[in-house]
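Opening the notebook on this one.

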Amino acid sequence: MAGKKLLEVTVLAQDPHVDIDGYTASAKVDLTWESMGRGPVGHRVHVIDYDATTSTLYGPTDLEASIDRPFAAADLADPAFHARNVFALVMHTLGRFEAALGRRVDWAFRAQQLKVVPHAFGVANAFYSRETESILFGYFSRDASTPGKAKASRVFTCLSHDVVVHETTHALLDGLRPGFMAPSSPDQAAFHEGFADLVALLSTFTLGDVVGRLLDLNRAPLPGEVRRPPSGPLIRSSDVTAANLKNSVLLAVADRFVAPLGGAAPGALRRSVLIDWRSANLDDPENDEPHARAEILVAAVMNAFVEVWSTRLEGLGSRTLEELPRERVAEEGVEIARQLLNMVIRAIDYTPPIHLTFSDFLTAVLTADIEVRPDDSRYGLRAALKTWCGRYGIRPVRGAGGCWSKPKQTELVLDGTNFTELRHDPAEMFRLIWNNRDDLNLNASAYTHVSSIRPCVRVGPEDGQIVHETVTECLQYVSIRAADLPSMGLRAPRGVDPELIVALQGGSTLILDEYGRLKYEISNRLPRPGAAEGTKEQVRVARMQQRLDYLARTGYLDRPHAATMRIADLHRRRWTAVGIRPDDRQEAW
Amino acid sequence: MATRPIAARVRAYNVGFGDCLLLTFRYGSSHDRNVLFDFGSTKMPLQGGPPSMLAVAEQIAKDCKGKIDVLVVSHRHADHVSGFAGKPGEVIATLNPSLVLQPWTEDPELATTADEPAALARAAVPDEHAGKKGFAAELDVMHDIAEQVLRAAATAPQNHGMKPVLEQLAFLGETNIKNHDAVVALQEMGEDHQYASFGTELGLDRLLPGVRVDVLGPPTVKQAPEIRSYATNDENYWSKALRGLSTSALAATSATPSRGKPKPIFPDASMTTVADGPQEARWLIPQVERMQAEEMLALVRDLDKVMNNTSLILTFQVEKDILLFPGDAQLENWSYALRDAPGAAAISARLATTRLYKVGHHGSLNATPKVLLWERFTRKRANPKQAGRLISVMSTAPDKHGHVDDSTEVPRRTLLAELDHSSNLVDTETLGLGDGDEPGTFWRDTAWITF
């Protein structure tokens, strides 16, 4: 394989367990060549096929067997294909992130390789685990009693494109922002799920000609219905209205726990885009539950996507012509989805390192995009996002166009700083931060830590403009007795032991341009009390107080060891609703 | 006989991790009426305990002078019903309870035939009876899951890192398997049976004159869908979860019921040994095994909670004094009575004056709602000598359920501290710790409450 720049690998494009009239959507993805071993194993991912339920270690496989080779039905029962499929999708997703961010992306753990276990156990769950440096995919039995199903068979979560991309996104986001796993607010608790769903949905559109083939299949079949197979160069305009696009299999995250288990009604797939904004209220305590809140974020973004796509199709004549060229319809969707995918991925670099809110994320999306794509006139994506997010109660912070404000002081003191070292050496970056701590409004007595430095090169999608940036995250910690919180302008939440040691965390993302000037300071840093009413510091104090109250209410304030969110639990809760509502945690001892 | 009791007392038998309490109402100098709550254990006490459950049964027979008026079986968990099977159960049966009171989920009328659960699940708009049957069927599935979990715990690698998880799995599995013999024994004993839900009128005036008995839980599925905890998303969650434990596991264990792992799911695929596999596999494999065990533990914890939420919550009121017995009810069960039911505010106000509280679920973190219930008790007092102080009764044993590392230990230390601080706590845990108990005594009594 050496000498080949790109490898064309066959993968599954949709969950094969979702019955689309017997049609299994496959696609080819391009992976950058690397020297691989049997596993497959490459420099970032290692597939180890161990099944804990049966204590079986399956032999490794070569990725080569899936290169330049079409999908065959027999692959669904071949564990070697499962291993290759999951390797390729993880690498493809990693590649999307690195292309959007303009740099390499680290995992959240020290090892270089993410372990992927395609048949980890006979349990209906799949999850990323920072602790085990892995993504574990479960399997379970299909419902044998469903009419039409001749015999019981297994459902493998590792074969679902959406599940694999969703879990990989958790791993990548954790590498970019480890602080997002800590409890902070309902928004932060929900963000991982919402973001992972968004990437999974939009990633389907990056899989070659799959979109064109699946466009016709805009709803799950009714019992006994036989639909016309996807074919022909034309598609009915009525099939691609905004309403029908929302019902497309393309806009549903395959719910591996419901849809394949028989008896699932059409629409049992997780279809956040259909959540009505009029009834989705982020202030409703029912929506404090992470998965419910996550779906609101997804609904907002995907409705913006559908609106932009529909508008483009109107330009093709969707309102006046009975049929449209299938390929053109698909191309529009693919291009818009690619833009949007890049926008949401790039936005992560423009979020604070900790204490994220949906508002922060939206602001980050708008800011990151305007930096590389100043002209939004072609698709109006930023405008659509602002509108639809606003409908769902997500508004950007108050800055020009909904973007982060430029800092007042852009010229940092660079004396004694080696600019070359600054782009990769945390000690050098800390020197810069220390020398500018007053202008950066940092708490000089807090424990301060440069958690990452990431030089990146982003390319504007429309004009090829190249943007060089250095993104660094700086975290601060203060441990303080609850009784002493008033010294920071805060109060101990009701019922908290005055002797409890409370850990306050804050952080800033600093984005420097190619000359070392400060472009943005995106901060949820520790407050500095004593400021006058109505100032930004007072706002910070109020937000920190809200976080403290939330942590106390949810029982995390005195249980720091339970702090890191477990994706496994989140996924299990998502489809069972077993668990305590966030406010009910106040009832627990 | 007097028309109302003049006093009442609770005797808590030390059955280790389990419940067995005798509530005695005294009518005049020598006339008592007795209510027995539960009779089960999943771990007998290491100290201060009876030699056996049979010994407990014989003591109960002595204490109630050969007659139980009301037998309350709060819910079906082993630590509440195991004693009704076998010889101990035979002794209880000779006490011929006038009434056996259980939650509605235990009504034998709700038993389903093999194909009914699926049909119930497919019903477009199930009526209340169908809804009850469906839920009862799911409870049976939960027992199957518990059996699976027990088998899995027995065959899992017993390495050091797995030990705490496997112990929990085994404990919860054992607690949640079906106690068939106990179920049958309960159905056959006693003069009358009632199966109650929130608001059921029990009509116990004849059996307990002058005592108002109210049923505050469990709600039916129609009253409170969240009692199932999963109803918002999936009608058949537990059936699917059972399938989620892999048919290969079922097939293998039915062939080799007590030993061996399930067969590989790809029997024709190339396999290798850990020794011949990649180095990383040696580190990863124990992690995956532990994750599997934790997944099963999470599943069985959820299942355990649903079962606990089928508990009867009963109040016995004489004049203004309320004696509160909630079994192992968790927040979802409590929520209906205290937040969502018609008249919830009035119920909440009544419970504020509770005189005696049987601590829910052995003192766990989720069974004594802090704000909805505990903080509203008006008889909490810091001064132990103060008249009318709240009495709390707890039957528990440490180191069996939950873990201090994730603040889920039972009994929960924060709750225990509060009970000790604000009430006259009667705790079976402390029996045998050398604080003045008579030798051979394996029970603790509350003080007599005079009315």
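How many residues does helix H10 of chain B have, and how far does it reach from its first C-alpha to its last? H10(B) (residues 279-308) has 30 residues and reaches 44 Å, close to the 44 Å expected at 1.5 Å a residue; the expected span is 1.5 Å times one less than the number of residues. Helices here are DSSP runs of H or I with at least four residues, strands runs of E with at least two, numbered from the N terminus.

Housekeeping: this is a predicted model, where local features need pLDDT of at least 70, side-chain atom pairs count only at pLDDT 80 or more, and totals for chains, interfaces and linings use all residues. Residues are numbered from 1 along each chain as its sequence is written, chains are lettered from A and ligands numbered from 1 in the order written, and side-chain values use heavy atoms, without hydrogens and water.

Back to H10(B). I found a kink of about 25° at B:Ile285, shortly before B:Pro286; the bend is the angle between axes fitted to the seven residues ending there and the seven starting there.

Next, salt bridges (a side-chain nitrogen of Lys or Arg within 4 Å of a carboxyl oxygen of Asp or Glu). I looked up B:Arg11 and B:Asp445, which pair at 2.7 Å, N to O. They sit in strands S1 and S14 of chain B, 434 residues apart. B:Arg11 is buried at 10%, while B:Asp445 is partly exposed at 30%.

Methods:
Buried means under 20% relative accessible area, exposed over 50%, partly exposed in between (1.4 Å probe, protein chains only).
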